[in-house]
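Dear colleague,

I am passing on the structure we spoke about, with its sequence. Please have both open while you read the notes that follow.

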Amino acid sequence: MKRLTLSATFLLAVTIIISSFKINFPTHVLPLATHFSDTILFPGEKHFTNVQQLTYGGDNAEAYFSFDGKWIIFQRTNPKEGIMCDEMFIGKVPVNGEKFEPKLISNGKGRTTCGAFLKDGKHVVYASTHLGADTCPPVPDRKKYGNKYIWPLYNSYDIFQADLNGKIVKQLTKSKGYDAEATISPDGKKMLYTSTKDGDIDLYIMDLKTGKEKRVTNLLGYDGGAWFSPNGKKIIWRASRPKTDAEIKEYNELLAENLVAPTNMEVYIANADGSNVKQVTNFGNANWAPAYMPDNKRIIFASNHQSKRGFPFNLFIINEDGSGLEKISAEKSFDAFPMFSPNGKKIIFCSNRNNGGTRDTNIFMADWVEQ
């Protein structure tokens with residue numbers, strides 16, 4: 001899920017939504033930085049040690065480990081470097097003081113999002129709009145919708161498989177709707193992703209060998225940003241569930257225009273086949289970017305539910321039954337997209353910290369300290 005370039009239009013939209021009590025940031029949107037002391041580790045962040053900042057400048061986010069933990073894939077926008085909307089990069093995880101040196105892996109056309117490594121360590125998947133046009137797709141005119149935050153569901157998004165030199169070797173989805181937000185099962189055999197192919201914004205699981213797939217959500221609302229648990233037995237995702245007549249009407253009207261403006265996102269879990277759905281959080285505001293922790297029991301996610309004005313966003317951990325909530329990031333800006341390394345020893349996340357008061361969002365990696 002789960003990013004829009006920080007254009008003047010986007011900055012206006014951020015100003016608007018931050019002023020709202022109920023705001024939602026899908027995987028593709030990062031808010032403005034606030035003024036705070038530059039540091040990569042804040043007091044109270046007892047679960048983090050040996051914090052490393054991997055990127056410097058631009059909008060870097062959705063960084064995820066390869067299966068062997070030696071590489072990460074992420075998306076990046078930086079107009080100063082001529083990257084006008086998100087492109088996909090990979091980089092070797094630095095060890096022993098090495099410099100992090102990412103390389104472009106997408107073809108530089110259109111917008112890309114939501115990258116993931118395959119288990120063979122030789123290929124990645126990501127969504128791209130390049131078949132629709134070489135240029136960045138247009139950002140919606142939010143004035144048309146009362147300056148509400150609107151997320152575009154570009155019909156030109158499809159999911160592709162590429163090798164580590166950037167050569168696209170296979171197109172995995174071909175529906176006319178939005179296909180994106182792909183992740184891979186721990187056994188490497190299945191892809192979990194979001195699509196509008198059947199008229200709503202739902203989750204699907206595809207067998208990568210046969211192409212056969214199953215729709216695993218069927219309730220009205222946005223379902224996305226989904227991951228398998230480390231043992232492959234469950235899935236976790238974020239969802240909005242419009243309930244009132246007004247919410248349902250707005251949702252359907254926007255969806256007809258390939259747009260979504262969620263008013264709430266909560267964390268949900270289910271068995272890997274989509275059965276036994278359970279809502280984990282019920283906090284209001286935006287609870288998103290969830291992932292299972294290495295123990296397959298606890299969940300880590302980003303949320304703004306503790307802020308009356310909808311900002312800042314922090315990282316939290318919680319039990320599957322909704323108990324044991326613990327705030328684990330302490331800074332006063334934006335922390336999101338947490339993900340553990342396959343061995344559970346490291347955590348990677350994206351943050352506005354240490355950006356010199358700019359709008360930059362960067363990637364940070366730390367050793368995880370269990371308390």
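**Salt bridges across the chain**

Arg238 forms a salt bridge with Glu181 (a salt bridge being a side-chain nitrogen of Lys or Arg within 4 Å of a carboxyl oxygen of Asp or Glu), and the closest N and O atoms are 3.3 Å apart. This pair links distant parts of the chain, since Arg238 lies in strand 16 (residues 234-239) and Glu181 in strand 11 (residues 179-184), 57 residues apart; helices (H or I, at least four residues) and strands (E, at least two) are DSSP runs, numbered from the N terminus. Both Arg238 and Glu181 are buried, where buried means under 20% relative accessible area, exposed over 50%, and partly exposed in between (1.4 Å probe, protein chains only).

Before going further, please note that this is a predicted model, in which local features need pLDDT of at least 70 and side-chain atom pairs count only at pLDDT 80 or more, while totals for chains, interfaces and linings use all residues. Residues are numbered from 1 along each chain as its sequence is written, and side-chain values use heavy atoms, with hydrogens and water left out.

By the salt-bridge rule above, the count comes to 16 salt bridges. One of them joins the side chains of Lys148 and Glu250, at 2.4 Å from N to O. This pair, too, links distant parts of the chain, with Lys148 in the loop between strand 7 (123-128) and strand 8 (151-152) and Glu250 in helix 2 (residues 245-256), 102 residues apart. Lys148 has a relative accessible area of 42% and is therefore classed as partly exposed.

In another salt bridge, the side chains of Glu370 and Arg298 meet at 2.9 Å from N to O. Here the linked parts of the chain are the segment after strand 26 (362-368), which holds Glu370, and strand 21 (residues 298-303), which holds Arg298, and the two residues are 72 residues apart. Glu370 is partly exposed because its relative accessible area is 43%, whereas Arg298 counts as buried because its relative accessibility is 18%. Salt bridges that share partners also join Glu45, Asp335 and Arg353 into one network.

**Helix 2**

Which residues of helix 2 are buried? They are Glu250, Tyr251, Leu254 and Leu255. These residues are on the same side of helix 2 because they cover an arc of only 125° around the axis, the arc being that of the directions from the helix axis to the C-beta atoms. As background, an α-helix has 3.6 residues a turn, so residues three or four places apart point the same way. The face of helix 2 turned away from the buried side carries the exposed residues Asp245, Ala246, Lys249 and Ala256. Strand 17 (259-260) is included in what covers the buried residues of helix 2, contact being taken as heavy atoms within 4.5 Å. Helix 2 is followed by Asn258, whose phi is positive, near 60°.

Strand 13 (residues 202-207) and strand 14 run antiparallel and are joined by 3 bridges, and the bridge partner of Met206 in strand 14 is Glu213.

A further open sheet of 4 strands has the order 20-21-22-23, again with antiparallel pairing. Its edge strands are strand 20 (287-292) and strand 23 (326-327), each of which pairs on one side only. Strand 20 is joined to strand 21 by 4 bridges, and the two run antiparallel; the bridge partner of Tyr292 in strand 21 is Ile299.

**Positive phi within strands**

Most residues other than glycine have a negative phi. Cys114, although not a glycine, has a positive phi of about 60°; its place is in strand 6 (residues 112-117), and it is buried, with a relative accessible area of 2%. Glu181, in strand 11, likewise has a positive phi near 60°, and this partner of Arg238 is buried with a relative accessible area of 2%.

Conventions: Pairing = 2+ DSSP bridges.
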